[in-house]
Each structure stands twice: as C-alpha cells, then as structure tokens.
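Here's a quick briefing to read alongside the model. Have the sequence and structure open, then work through the topics one by one.

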Amino acid sequence: MSSTVLSVNDLRVYYYTLTGIVRAVDGVSLSLGEGEALGIAGESGSGKSTLGYGILGLVPPPGRITRGSIVVDGIDITKLRPAELRKVRWSKVSMVFQGAMNALNPVYTVGHQLSEPLVIHKGLSVKESLEIAAEMVKKVGLTPDILRRYPHELSGGMKQRVMIAMALLLKPRLVIADEPTTALDVVIQAQIMNLFKELRQAERNAMIFITHDLSIIAEIADKTGIMYAGKIVELGASEAVFGNPLHPYTQGLLRSIPRLRSKEKITWIPGVPPDLRMPPPGCRFHPRCPYAMDVCRSEEPPEIEVEKDHTVSCWLYMKR
Amino acid sequence: MSSKLVVTKAYKYFPLRRSLVEILMFKKPRYVRAVDGVSFAVQEGEIFCLAGESGCGKTTTGRLIVRLIDFTGGKALYMPRKEVLSEIPPGFLVDGKYVDLTAKLPRYVDKLLRRDVQIIFQDPYGSLNPRMRVYDILKEPLDIHALGATDDEKREFVFKILEEVKMTPPEEFAERFPHMLSGGQRQRIAVARALILNPSLVVADEPVSMLDVSIRAEILQLMLDLKATRNLTYIFITHDLAVASYICDKIAIMYLGSIVEKGSISDIVNDPLHPYAKALIAAVPEPDPRNRLKMREVPIKGEIPSAASIPPGCRFHPRCPYAMDVCKSKEPPEIEVGRGRVVSCWLYVRK
C-alpha cells in the first residue's frame with residue numbers, strides 16, 4: 001500500500017551491567033509503512049522504551065545494539081558512525097519523549113529550543129528558523145507568542161504540544177512517541193491524541209506509540225505490538241489484536257483494563273515480569289501463563305502467522 | 001445505614017507569600033482556594049469517589065479528612081467505629097456519635113481519630129522509607145499508638161497483616177527493603193500500613209495511578225476484598241473515571257475547588273449533566289481500536305485556571321460551551337435532579 005519507512009530486523013539491545021547482561025530488547029522485528037501508526041504496549045521493564053531509543057540510535061551506555069538492523073528510509077542506522085547518525089536523527093526519525101514536563105530545558109526560551117534543530121540540521125539563520133518554528137507551533141494549536149516564553153510559564157499540555165512541534169520540525173519520516181500522555185490529565189490527553197490524529201493525516205509520517213496503556217493505543221494505532229520481556233509476543237492490525245487477542249499475555253492485559261460502562265470483573269496476570277538478566281528458558285511468559293505446557297518450558301515459541309498480518313509467538317497456535 | 005462522614009461547606013485556603021512591599025502597602029493577602037465550599041456525605045460501607053483533574057482540590061480534600069492539614073472553615077462530622085467512639089468523652093461528640101474533624105481536639109482524642117482514619121498514598125515509590133525494612137515500616141504505627149504489649153505481639157500483628165495483603169510468606173517479605181519489591185508489592189505494603197491500626201475509614205489517594213495497568217486490577221481487587229472482610233469505608237481519590245466506575249458506588253466530580261456534580265456512579269457515567277462532567281467522561285479512552293478513526297469530542301476549551309484566581313460566577317464558565325450571562329456573575333446553586341443526584345449548574349435551574 002505504501003513505501004516502507006522503517007524495517008527492524010532481529011534487533012537486540014543489551015545492557016552490559018556489572019551484575020549481568022540485561023537483554024532488554026531481544027530479537028524484535030517489525031516494519032512500518034508511510035503514514036502508518038504502530039502501538040507498542042507492555043509493562044514497565046518490558047523493553048518497549050529501549051526499543052524506541054534503539055530505533056533512534058540513542059541507547060544509553062552500558063547499553064549497546066548487539067545485533068540486527070534498523071533501516072529507516074533506506075538507511076541502516078546501526079551501521080552509521082556517530083557523526084552520520086546525528087544527521088539522520090531528528091531529520092529522519094524524531095521522538096516525543098516521556099515526561100514532557102522535564103524534557104524541555106528550563107533556561108532557554110521555547111523559541112530558542114525550537115529553532116535549534118533547524119539551525120543545526122538545515123543551516124538556517126535564527127530568524128528563518130523562528131519563522132518556521134512559529135508555523136509549526138500554530139500547527140500544534142499554540143499561538144506564536146509562546147516562542148518567547150520559558151518552559152516554566154507553560155502548562156503540562158502546552159509543553160507536550162511544544163515537544164510534538166519539536167519532533168515534527170524537520171518533517172521526519174518517523175516519529176516515536178514514548179508515553180506521550182502519561183503525565184497529563186484526561187481532558188488534555190484527549191486533546192493531545194486528537195492533535196496526533198490530525199497531524200498524522202496532514203503530515204503522513206509513520207508513528208510509533210510506546211505506552212503501557214492499551215486504551216491509548218486503541219486511540220491511534222493501525223497496528224499493535226504487545227511486548228513482553230524484550231520480545232514482541234503478538235503483532236497485528238489493531239482490530240485483530242484487540243478483537244481477537246491470541247497470546248495469553250495479550251488476553252490477560254485486555255482483561256485487566258476497567259471499562260467505563262461495564263461492571264464486568266477485571267482480572268490480572270499473577271506474578272511479575274522476569275529478570276531480564278536471566279530470562280526463563282523456553283517461552284518467557286510460561287511462569288505466568290495459565291496454559292503453559294511442557295514445550296513452553298524448554299523451547300522458545302516461533303512466530304506463527306495465525307491470520308493475515310497477525311502473528312503470535314505462542315506454542316498454543318502451533319499446528320501439529 | 002448511616003452517614004460515616006458528612007462534610008458541609010468545607011474550605012481550605014493556602015495563603016500566598018506576600019512581598020515586603022505588598023505588606024508595607026497593606027495589600028490584602030491572597031489565597032489559593034484549594035477547597036472552596038465542598039459538601040458531601042459518605043455512607044458507611046460505601047466507596048465514595050472524589051474525581052477530577054490535577055489541581056481540582058481532590059487530594060487536599062482527602063488530606064483534610066485525614067487531618068494532615070487543618071480546615072480553614074466548614075464542618076466535617078465523622079462517625080468513628082464503636083470501640084473508638086466509646087473512648088471519646090461525650091463532650092466532644094455531636095449527636096452522640098459524630099466528631100467534628102474541623103474542631104480543635106485534645107491530643108488523646110486526636111490520636112484515637114488518627115487510628116480510625118488512615119490514608120494510602122499515590123506513589124508507592126515515594127511513600128515507603130527506603131531505609132526501613134518492611135517489618136519496621138509496618139511496626140512503626142503500632143509503636144506510635146502503643147498497640148501490642150510485647151515485640152512478639154507486634155510481630156504477630158505485622159505478619160497477620162502481611163498475610164492479609166497476600167504477601168506470603170510474611171517472614172520473607174518482612175525482612176525486605178522497599179527497593180526489593182515490585183510496584184504492586186510496594187502498594188500492598190502501603191495498604192497494609194494503612195490497615196494495621198484497624199481503621200474504619202480509609203482515604204485512598206490515587207492508589208493505582210502509578211502502577212502498570214496489569215497490576216492495577218490486582219490492587220483494586222485487594223482493596224475490595226479488604227473492604228468486605230474489615231467492613232471499611234473508602235474515599236477513593238482518582239482522576240481515572242474508568243477505575244472509579246469499576247470500584248466506586250458514588251462519585252463527586254470536582255473542578256477548581258468545588259463539586260460540580262455528585263451522585264451514584266452509574267447515573268453520572270451514563271448520563272453526565274454538568275458540562276464539565278460531560279467533557280471529562282467523553283475524554284476517557286477505551287480499548288476499542290475503532291476510536292482511532294474518529295476525533296474525540298471534547299467541547300471544553302483551554303485549561304484549568306489557577307486556584308489563586310478563580311473566575312467569578314460559575315468557576316467553569318470561561319471553558320464552558322454553554323456559558324450564559326448569569327454564569328459569569330453568579331455562582332450556581334446546588335440543584336437536586338433526582339435521588340441523591342446534585343448538579344451545580346445554571347442550565348438545570350427551573351425557571
């Protein structure tokens with residue numbers, strides 16, 4: 001339907017800590033076309049944020065991309081030198097960081113911070129940059145006078161809009177949003193999600209939404225990936241994943257969400273996610289899985305395409 | 001069933017600092033009107049929800065009830081559990097069974113009440129002392145209130161409560177430090193600490209909002225189970241209406257220090273009347289991917305103003321899509337619109 005913007009193949013990001021190797025992202029593959037939005041959901045510690053940082057080539061030490069490729073718009077960013085990577089970052093892939101409250105520099109004006117990427121990446125003058133920044137600020141529903149203000153003068157919702165404007169400035173092909181609404185109130189959250197929907201139609205860039213809240217993913221994503229212990233355990237069209245969840249973990253997650261208009265009893269997944277320094281053998285979910293079989297304890301499940309574009313890594317779906 | 005807590009026109013103003021110049025010029029002191037005339041009643045055994053966005057005064061209201069801060073004005077009649085009631089001299093009682101939480105009480109009455117009204121804080125990463133073991137965290141309230149004669153007896157209390165919040169085996173968890181626990185386990189400890197003094201009213205301030213979705217259900221269920229076994233009344237403070245609708249019986253929606261609508265949760269979720277309640281409910285995301293194809297209708301504009309400069313008239317009018325002239329000048333009265341359902345909005349005044 002459209003050209004591929006991102007293709008990640010067998011990506012592994014490990015943190016080499018003193019107490020062992022943390023396999024935060026351990027063999028993730030996915031692809032994303034132009035204008036598509038992918039939601040990545042998982043518990044804290046599932047590696048979803050590390051995946052986002054990995055795609056930007058921003059894994060903090062002691063983390064390293066140890067294997068796999070990340071091809072953004074035809075460029076494999078795992079093969080770039082730091083200087084080349086800096087050119088690609090933000091112009092091809094940008095990010096809306098978690099916690100908009102703290103992501104802006106408190107001692108510079110919003111205008112300064114918004115014009116900086118234009119000056120550095122495009123070599124524009126400050127004046128030209130500010131004009132472009134003013135346009136972008138209007139697109140995210142703010143007035144241009146905000147450029148003269150400092151972050152502490154803005155509310156949480158306004159700061160988040162500034163962060164979104166900043167991510168879109170260089171017209172990147174891919175925008176990654178890491179928990180973009182977690183710190184915001186519901187009304188503001190709804191406004192920000194509406195903004196993402198509008199911008200997506202206007203700019204046609206691909207988006208990745210990383211969040212622990214499946215309801216937010218349902219608000220925007222065409223495709224949904226469920227991440228558990230460093231792996232994507234289920235990936236498919238959002239309708240398929242929400243309507244016909246296959247992996248026991250996905251099923252558990254969906255059953256744990258309270259709904260506004262239903263008193264249906266919610267349940268939870270007992271146990272805690274594994275320590276990624278020594279994940280359990282076989283399927284990583286087996287210690288918490290109600291359907292665990294012998295094979296789950298010893299062998300890692302393969303990726304199985306159950307229906308078109310809907311894959312799951314679970315032994316339950318293996319045809320014998 | 002009788003009322004556990006009746007709050008009438010409660011106020012809490014925080015004074016703003018004035019500069020020396022302002023003091024010398026005899027400028028009037030200014031206040032943040034965090035809680036500005038709030039009235040509600042909580043029945044025994046129910047889960048009463050205070051909901052609203054950040055800055056609406058829901059947490060301040062909760063803290064007033066636990067008396068972590070003092071009321072600026074108003075009345076809050078609280079009915080302690082029978083054993084506690086019998087220890088309070090009748091001179092401090094209203095109607096024989098209520099204590100006014102806004103009154104000045106002697107230290108020993110104060111202490112009795114503190115045992116009977118407890119709080120669970122939002123952030124289990126911040127509310128547990130990282131240098132204390134679980135055992136010491138749970139033993140501290142017992143020491144303060146001189147419960148349990150010997151250390152052995154206290155130990156028994158601690159282990160019993162740990163079992164009750166399903167931290168088994170208790171011997172093992174008691175020896176841990178908070179950093180050795182997961183978020184859900186920490187919150188269980190926070191719940192245990194609130195319940196170890198055997199309170200009858202528990203104020204839960206956003207007890208699940210810092211937790212992953214998958215753990216929330218676990219803590220909510222624990223709270224429901226404990227309510228049933230211990231005959232508790234909860235005041236549940238949350239910004240998440242989906243959680244509120246799951247767990248609560250009644251709800252009061254707050255905006256900028258006052259309650260805009262209150263009533264049974266199902267009435268309000270299914271048919272909100274106040275324009276702010278409508279917007280708040282329309283904004284709740286649900287796990288249905290069909291939502292991605294449409295914009296969410298959130299008719300209210302702008303953001304919540306500062307509680308230091310509350311707009312005149314109805315405090316919601318600058319953001320309200322239905323604002324009329326009267327809204328700009330006069331505060332709306334509380335209008336009863338059906339059984340136990342009250343809305344503060346000029347739209348519902350019969351002419």
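**Chain B at a glance**

Of the 351 residues of chain B, 46% count as buried (20 or more other C-beta atoms within 10 Å of the residue's own; 12 or fewer is exposed, anything in between is partly exposed, and C-beta atoms are placed from the backbone). Keep in mind that this is a predicted model: local features need pLDDT of at least 70, side-chain atom pairs count only at pLDDT 80 or more, and totals for chains, interfaces and linings use all residues. Residues are numbered from 1 along each chain as its sequence is written, while chains are lettered from A and ligands numbered from 1 in the order in which they are written.

**Overall build of chain B**

- Chain B has 13 helices and 13 strands; these are DSSP runs numbered from the N terminus, with helices being H or I of at least four residues and strands being E of at least two.
- Its radius of gyration is 22 Å, close to the 20 Å that the globule rule gives for 351 residues, so chain B is as compact as a globular protein of that length. The radius is taken over C-alpha atoms, and the rule is 2.2 Å times the number of residues to the power 0.38.
- Along the principal axes, the C-alpha atoms of chain B fill a box of roughly 70 × 55 × 50 Å.
- Take the contacts in chain B between residues at least 6 apart in sequence: 65% of them join residues at least 24 apart. A contact here means C-beta atoms, placed from the backbone, within 7 Å.

**A look at K97(B)**

- You'll find K97(B) in the loop between β5 (93-94) and β6 (98-100) of chain B.
- K97(B) counts as partly exposed because it has 15 C-beta neighbours inside 10 Å.
- Leaving out residues up to four places away in sequence, K97(B) touches M79(B) and L85(B).
- K4(B) is 93 residues away from K97(B) along the chain, yet their C-alpha atoms are separated by 9.9 Å.

**Where the chains meet**

- The contact takes 40 residues from chain A and 34 residues from chain B.
- On the chain B side, α9 (213-230), α10 (241-247), α11 (265-270) and α12 (275-282) each supply at least two residues.
- α9(B) gives the largest share of that side, six residues.
- By class, the chain B side divides into 18 nonpolar, seven polar and nine charged residues. Ala, Val, Leu, Ile, Met, Phe, Trp, Tyr, Cys and Pro count as nonpolar, Asp, Glu, Lys and Arg as charged, and the others, Gly among them, as polar.

**Strands in chain A**

- An open, eight-stranded sheet with mixed pairing runs β6-β7-β8-β3-β9-β10-β12-β11 in chain A; strands pair if DSSP finds at least two bridges between them.
- Its edge strands, each pairing on one side only, are β6 (93-96) and β11 (304-307) of chain A.
- In chain A, β9 (residues 223-228) and β10 (residues 231-237) run antiparallel and are joined by six bridges, with K223(A) opposite A237(A).
- β1 (residues 4-17) and β2 (residues 20-33) of chain A also pair in the antiparallel sense, over 11 bridges. A hairpin joins β1(A) to β2(A) through two residues, and T17(A) stands opposite G20(A).

**Domains of chain A**

- The domain assignment of chain A gives domain 1 (4-92 + 173-265) and domain 2 (102-171); such bounds come from an automatic or database assignment.
- 12 residues of domain 1 of chain A are in contact with 12 residues of domain 2 of chain A.
- Helix α7 (residues 186-203) of chain A gives the most to the domain 1 side, with six residues.

Note on methods: Contact = placed C-beta atoms within 7 Å.
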